[in-house]
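Subject: Structure for you, with notes

Hi,

Here is the structure I promised to pass on. Have a look at it first, and then read on for what turned up in it.

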Amino acid sequence: MKSVCISGTGLFTPSESISNDELVASYNAYVEAYNAREAEAIAAGTVQPLAASSSEFIEKASGIKSRYVLNKSGVLDIERMRPSLPLRSNDEPSLMVEMGLAAARQALAAAGRKPEDVDCVLMACSNMQRGYPAMAVELQTALGARGFGFDMNVACASAAFGVQTAVDAVRNGSAKCALVVSAEICSGHLNWRNRDCHFIFGDAATAIVVEPVESAVSEQRFEILGTRLQTQFSNNIRNNFGFLNAAEETQRSWDDVLFRQEGRKVFKEVVPMVAELIGSHLADLQIKPEEVKRYWLHQANLSMNEFIVRKLLGRDADRTEAPVILDEYANTSSAGSVIAFHKYQQDFAPGDIGVLSAFGAGYSAGSVVMRRI
């Protein structure tokens with residue numbers, strides 16, 4: 001079987017960031033205005049008052065301290081509480097593609113490749129800016145790549161699913177060099193008025209170059225020893241936005257087409273699922289969990305990641321073994337594990353082993369086991 005590697009990664013980070021203190025100040029101002037507006041109904045018991053948030057609550061619940069967003073002013077405006085993004089014409093580059101291009105060009109530079117070397121482009125992320133034409137095909141053309149491209153959505157696990165798809169394409173000969181791009185505008189599908197989730201997401205884009213080991217020219221190459229995917233249906237993380245919304249009778253409420261989750265259920269069900277997936281994958285590759293130098297996990301919740309690694313190692317892991325970027329980036333959906341990989345790989349020596357694992361709605365989960373060569 002042809003040996004395949006990751007030969008380069010790239011990252012686009014928006015220029016604007018929102019701290020927990022800024023977010024809480026905005027949210028609490030909204031809560032105060034809402035409770036004042038609904039004072040009579042609240043007093044009558046027909047409407048429940050909204051509770052204030054706090055930076056301490058956010059950090060304790062998630063480990064998040066800040067998040068990057070494409071537009072800060074719109075999110076913090078209590079009359080809007082969503083990003084303000086200028087409408088682009090059909091002749092202008094799509095916002096997702098613009099973000100993805102920045103990450104893709106950085107990944108290609110790291111891999112020592114040119115756009116024309118790429119013959120497979122996968123846009124793998126949790127929300128697409130439109131249904132069609134495919135975002136991947138637009139990015140392929142804008143980049144100057146050859147071959148083919150298509151979109152794929154497996155929520156927060158999309159990057160891992162994209163890597164396996166790219167590996168399969170390179171191994172079977174349908175592609176010589178594949179590019180997996182995860183451009184996430186999570187601020188657009190987040191309910192910034194919901195105390196339980198208003199702090200969770202941020203925006204970012206990542207890119208990964210996948211190609212045969214024999215033809216890779218970059219200095220920092222990671223041979224992919226194996227990939228594994230798993231899905232199990234659950235409604236505990238859901239986004240109901242879609243093209244049929246306007247046709248539904250009766251129509252959904254505005255907050256029903258945004259991100260929502262049952263956080264405690266997700267934690268209870270996803271943690272053992274992911275730990276079992278990674279553990280069994282390593283066992284089949286005859287690798288002990290303690291032989292893995294680093295676990296680049298999906299960046300959704302600090303406690304979740306700590307618990308997964310604890311189940312694998314039988315002890316608490318330090319930040320070197322399981323790096324954290326969600327304190328700065330928050331949850332960037334499919335991009336999160338790749339951001340961790342991109343930022344924390346330079347100290348790997350030949351022979352060192354790492355695991356990239358992404359997981360989320362679906363439920364969906366994937367693991368990519370790799371070795372520095």
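To start with a residue you can find quickly: is R130 buried, partly exposed or exposed? R130 is partly exposed, with a relative accessible area of 26%. Here buried means under 20% relative accessible area, exposed means over 50%, and partly exposed lies in between, using a 1.4 Å probe and protein chains only.

Before the rest, a word on how to read the values. This is a predicted model, so local features need pLDDT of at least 70 and side-chain atom pairs count only at pLDDT 80 or more, while totals for chains, interfaces and linings use all residues. Residues are numbered from 1 along each chain as its sequence is written, and side-chain values use heavy atoms, with hydrogens and water left out.

**Salt bridges**

R130 has a partner: its side chain meets that of E138 in a salt bridge, at 2.7 Å from N to O. The term stands for a side-chain nitrogen of Lys or Arg within 4 Å of a carboxyl oxygen of Asp or Glu. By that rule the count comes to 15 salt bridges.

Another of them joins K72 and E22, with the closest N and O atoms 2.9 Å apart. K72 lies in helix α4 (residues 72-76) and E22 in helix α1, so this pair ties together parts that are 50 residues apart in sequence. Helices here are DSSP runs of H or I with at least four residues, strands are runs of E with at least two, and both are numbered from the N terminus. K72 is partly exposed at 23% relative accessibility, and E22 is partly exposed too, at 31%.

R88 and E98 also form a salt bridge, their closest N and O atoms being 3.1 Å apart. R88 sits in the loop between α4 and α5 (95-111), and E98 in helix α5, so the pair ties together parts ten residues apart in sequence. R88 counts as partly exposed at 30%, as does E98 at 40%.

Which residues of helix α3 (residues 55-62) are buried? They are S55, I58 and S62. Seen down the axis of α3, these buried residues fall within an arc of 65°, so they line one face of the helix; the arc is taken from the directions from the helix axis to the C-beta atoms. On the other side of α3, E56 and K60 are exposed. The cover over the buried residues of α3 includes α1 (20-37), β3 (66-69), α9 (302-313) and α10 (326-329), where contact means heavy atoms within 4.5 Å. Just after α3, G63 takes a positive phi of about 90°.

Helix α11 (residues 336-343) is mostly covered, with seven of its eight residues buried. Those buried residues are G336, S337, V338, I339, A340, F341 and H342.

**Aromatic rings**

The whole structure holds twelve aromatic pairs. Rings of Phe, Tyr and Trp (its six-membered ring) pair if their centres lie within 6.5 Å; planes under 30 degrees apart count as stacked, over 60 as edge-to-face and the rest as tilted. F57 and F199 have ring centres 5.8 Å apart and planes at 85°, so the pair is edge-to-face. F57 lies in helix α3 and F199 in the loop between β6 (178-185) and β7 (203-212), so the pair ties together parts 142 residues apart in sequence. F57 is partly exposed at 25%, whereas F199 is buried at 4%.

The charged end of R195 sits over the ring of F57, 4.1 Å from its centre. For this, NZ of Lys or CZ of Arg must be within 6 Å of the ring centre and within 35 degrees of the ring normal. The charged end of K293 likewise sits over the ring of F348, 5.1 Å from its centre. F348 also belongs to a cluster of ring pairs with F222, W296 and F341.

**One more residue to look at**

S333 is found in the loop between α10 and α11, and S333 is buried, with a relative accessible area of 2%. Leaving aside neighbours within four places in sequence, S333 is in contact with S126, A155, C156, E184, C186 and H298.

Best wishes
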